[in-house]
Amino acid sequence: MPTAVFEKCDELFELLGKLVARPGKGEAPAEVKDRDGLPVVVLVGDDQEALADDLGRFLTHARPLRVPHETVVVSRVSDKVRSQRRDLMTDGIGWARAETYRRMLVELAQEFSSPRNPPDTRVEFRRFGLVNWLLESSHTRQGLDDPHERRLMQRLRDREVLRGRLWEALRSPGSEVLANAKIPWWAKVLAFYVFPAAWFRAWRLLGPEYRWLLRQPYMAPGDPGTFAGFALRLAQPRKERENPDQISKLMINAFLADLRSAYRRRFWRRRAWRRTTYCVAFLKGVTEDNCGNAFIRSLIDVRNETGLFDPLLLVASTPATRYRGPVAQPDPERAYKFWWVQFEKAGRRRRADDWYLPLQIRNPLTVGSTGFNALVQQVEAAQRFEVPDAPRWSRRGVTVGAFALVAVLAGCGGLVALDSSSDWKRAHCDLSRSDPDAHTLRREVTGECVGIAPHGYAFGIPDEDVRRTLATIAKLNAEAEQIHHDSPRRPVVTLVHISALLGGGGRQYAREALQGVASAQRRQLDKNGETDPVLRILPASAGSGMRFGPTVVDLVAELMRDDPTIVGVTGLDQSRQATITTIHAITRIGLPMVATTLSADVLADQSPLYYQVGPQNRREAAIAVAYAEHLAKQRLIQRSVRVVYSSDPTDEYSKNLRADADTSFKAAGFAVQDVPFVPSPAPAGLTGVGARSVGEAACGYPGLMFFAGRSEDFAKVLEGANDVCGSTPPRILGGDDVARFAADPQQRTTFPRVPFEFLDFTPGTASCDSASDLYSTLRELFPEECEKVKNSSLDGHAALAFDAVNLFLKAIGQLQDSAPGLPLTPAAVWHGLSAIHGKSALDGESGKIDFGGRVDQHVPVDKLVSVQHIDGRLAPRQVGFCGKRGGQRGSAWCPPG
């Protein structure tokens with residue numbers, strides 16, 4: 001029989017039952033869509049002793065399961081704080097209030113996790129338990145230091161062991177303290193020193209409470225930034241350093257976060273679906289004096305600040321004479337309807353008052369008064385609370401059956417998983433998921449492996465020299481990370497080196513370009529300045545012809561989301577339409593780029609973020625004409641020229657160099673004949689004579705044959721000339737791409753009867769024995785390469801790649817000098833590249849690089865171009881050069897700069 005009977009009492013219990021019952025979908029209130037939140041029910045009345053007892057019985061005797069609830073007598077908690085913690089009273093109301101909150105939350109947590117509640121409704125308070133333990137674990141009044149941190153971590157580790165189920169057998173029944181007399185010494189060693197040492201370190205990274213503590217919004221967990229440091233802040237004396245209001249909200253948020261975690265519905269968390277009622281906290285006798293009202297306000301603040309639903313129905317009783325809130329309504333049903341309408345209207349702009357649902361509690365009727373008996377029957381019926389049923393699929397029996405079914409399906413699924421794993425490996429260049437390079441690699445339809453491989457994967461190339469070079473870069477990257485770890489003030493900068501042909505056969509020039517990049521990285525890592533950047537290189541393959549450049553750029557963009565150190569791109573190869581598409585893609589992700597060998601005139605206009613180390617084709621053509629004039633004056637050739645070029649319409653380099661050569665030779669009075677050839681392999685739909693036929697037809701030609709095609713086709717031209725007129729070969733001058741052919745000692749000596757010359761973007765005479773920055777480092781990193789080929793970098797790719805990396809490093813160095821502390825972002829580095837001119841020009845291995853000081857100047861001014869002569873099996877010989885090279889003057893026949 002109810003002990004408190006008053007007007008509308010039955011409606012009150014019906015409303016409380018409605019609020020306690022959890023909807024089958026979503027959260028309360030069911031009447032408000034997408035506006036989850038439980039009100040704070042304030043019972044306003046002077047005589048509520050009997051009502052508190054009735055509320056407890058109402059929740060305890062709910063059928064079929066008890067509803068987790070606890071009654072906290074707020075005045076009793078507040079009085080204990082005043083009597084037991086007098087030291088807090090002298091520090092202001094804030095610290096006393098925080099201690100009152102803590103004790104109230106402890107009472108609630110102990111009851112909600114109590115065995116009195118059914119197993120499916122108990123709540124485990126991992127986050128609040130950790131926070132409470134740290135707040136109560138002060139063991140010294142000294143400041144923060146390492147010894148205290150180590151002792152705190154050891155005590156925390158021991159706490160985790162004592163709480164863990166794994167060591168439950170070592171505990172006395174009902175106790176969390178080890179019974180020392182009953183535990184063998186070896187068990188103590190295992191429990192406290194062997195297993196926990198590794199387990200606790202892992203748990204601090206994986207345990208939800210530890211991760212949550214560093215992410216929660218109160219008390220600035222970023223100071224000092226580690227769990228151990230933040231834990232020590234909570235454990236040490238904190239009155240002088242911390243804000244008591246922030247600590248109060250931290251405790252409340254931890255308490256509510258544990259409730260949210262327990263109630264969070266996921267398909268695999270069946271217990272959460274079996275929680276069909278909310279936890280109820282009844283705060284008895286709330287006033288301003290006992291911190292009860294302040295506790296409610298702080299809880300509402302946390303709700304509003306986090307914007308998260310918490311499964312806690314907070315009911316508070318307060319004397320009518322002490323109540324100062326919104327007007328209390330006598331009709332519970334009408335008051336609730338008014339509340340949820342206002343709650344829905346408030347939306348995300350909720351104020352504290354929007355959470356309150358004040359109800360007026362009239363004085364109880366006495367036995368025998370008018371209407372007492374009829375009201376008693378109504379109240380008795382209202383106090384019979386039926387707990388909503390959990391979904392059938394979430395019940396334990398169904399769960400057991402589901403596990404059995406899963407076990408059966410697991411065997412079948414294993415076979416499917418193996419097949420899926422094989423598909424994944426095929427798509428990621430036959431690498432397993434555990435390989436660090438696998439996730440940034442892709443197998444394309446051509447069979448080529450493209451992507452990014454900072455850890456040494458060789459893109460499927462069998463060439464041991466390429467593999468060794470990439471492995472060296474991977475070691476340098478690991479060294480860079482270690483240097484940054486040891487010297488955190490040295491910033492990390494990362495460059496992506498994109499190559500066009502690494503997906504192919506592993507040609508020598510690709511390896512040499514990477515060796516040049518590695519040499520620049522090695523020299524940068526050897527610096528020991530306090531703020532000298534630490535350089536990482538990410539080798540990338542765009543496949544043959546740069547056709548998969550956009551795919552690589554997409555992978556770079558994914559890396560940039562997690563790696564802000566990526567500031568630019570070097571490399572890029574072959575002036576094709578695919579290269580232009582790649583440049584556009586790099587521009588879209590905001591990275592500046594420095595191309596090593598590109599020379600087509602059109603490239604400089606493709607992006608404001610684009611720079612190149614070499615000259616443009618128009619300068620190359622002008623120098624070719626000047627050299628031809630020189631040969632004609634010596635009567636070595638007649639004043640005619642055949643411009644041999646690729647008929648592939650996607651080859652921007654050959655098409656552009658042919659056009660520039662035509663214009664320049666005609667302007668100089670040469671008779672010009674264009675000779676196209678179909679490259680090998682021939683693009684679909686393209687017909688015509690091949691490069692070999694062009695070489696055969698050149699026999700007896702008295703003028704100059706200027707080759708404006710690719711190095712792979714140049715060998716066919718030489719083969720044709722060698723077969724037909726090897727004893728009287730024509731005069732051949734190749735464009736800069738022929739340097740790739742000349743880089744291979746075996747290839748360039750295949751046709752010793754046919755001498756030729758080619759244009760090179762470097763001096764071309766250096767070797768591993770040179771005393772330059774590049775070649776001395778190259779000898780240190782790759783001694784076996786220098787031993788095999790004394791002039792291993794004849795083609796200049798190593799020098800050009802070396803200079804491209806050093807341009808970025810010079811731009812970064814100038815930024816550090818002019819604006820110390822400026823973040824090294826791609827935009828800042830791009831700005832630094834444009835400032836490389838005049839006295840700040842780079843005196844590189846390939847000549848002086850000066851961008852002229854103009855915003856729209858993306859090509860070096862008066863860049864060095866040399867003419868190299870190859871005759872038989874002799875070493876290459878420079879016959880002249882044009883452009884800036886230290887203090888040396890170019891050849892007399894050079895065109896005006």
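Visitor: Which handedness does the link of Cys882 and Cys894 have, going by the degrees about the S-S bond?

Guide: Keep in mind that this is a predicted model. The sulfurs of Cys882 and Cys894 sit 2.0 Å apart, and a disulfide joins the two. The turn about that S-S bond is -90 degrees, which makes the link left-handed.

Visitor: Which parts does that pair tie together, and how many residues apart are they in sequence?

Guide: Cys882 lies in strand 21, residues 877-882. Its partner, Cys894, is in the segment after strand 21, so the parts tied together are separated in sequence by twelve residues.

Visitor: Are Cys882 and Cys894 buried or exposed?

Guide: The cut-off for buried is under 20% relative accessible area. Both Cys882 and Cys894 are classed as buried.

Visitor: How many disulfides does a search of the whole structure find?

Guide: The Cys882 to Cys894 link is one of them. Cys429 and Cys449 form a disulfide too, with sulfur atoms 1.9 Å apart, and another joins Cys699 to Cys725 at 1.8 Å from S to S. Searching the whole structure gives three.

Visitor: What is the relative accessibility class of Cys699?

Guide: Cys699 pairs with Cys725, and Cys725 is buried with a relative accessible area of 6%. Cys699 comes out at 22%, and buried needs under 20% while exposed needs over 50%. That puts Cys699 down as partly exposed.

Visitor: Where does Arg350 sit, and which side chain of opposite charge is nearest?

Guide: Arg350 is in the loop between helix 14 (332-346) and strand 5 (356-360). This arginine is buried but has no salt bridge; the cut-off for one is within 4 Å. At 6.8 Å away, the nearest side chain of opposite charge is Asp354.

Visitor: Which backbone oxygen lies 3.0 Å from a polar atom of the Arg350 side chain?

Guide: Arg350 has no salt bridge, but a polar atom of its side chain does have a backbone oxygen 3.0 Å away. That oxygen belongs to Gly347.

Note on methods: Residues numbered from 1 in each chain as written. Predicted model: local features only at pLDDT ≥ 70, side-chain atom pairs only at ≥ 80, totals over all residues. Heavy atoms only, no water. Helix = DSSP H or I, 4+ residues; strand = E, 2+ residues; numbered from the N terminus. Buried < 20%, exposed > 50% of the residue type's maximum accessible area, 1.4 Å probe, protein only. Lys, Arg positive; Asp, Glu negative; His and termini not counted. Polar contact = N/O pair within 3.5 Å; in protein donor to acceptor, adjacent residues only side chain to side chain. Disulfide = S-S within 2.5 Å.
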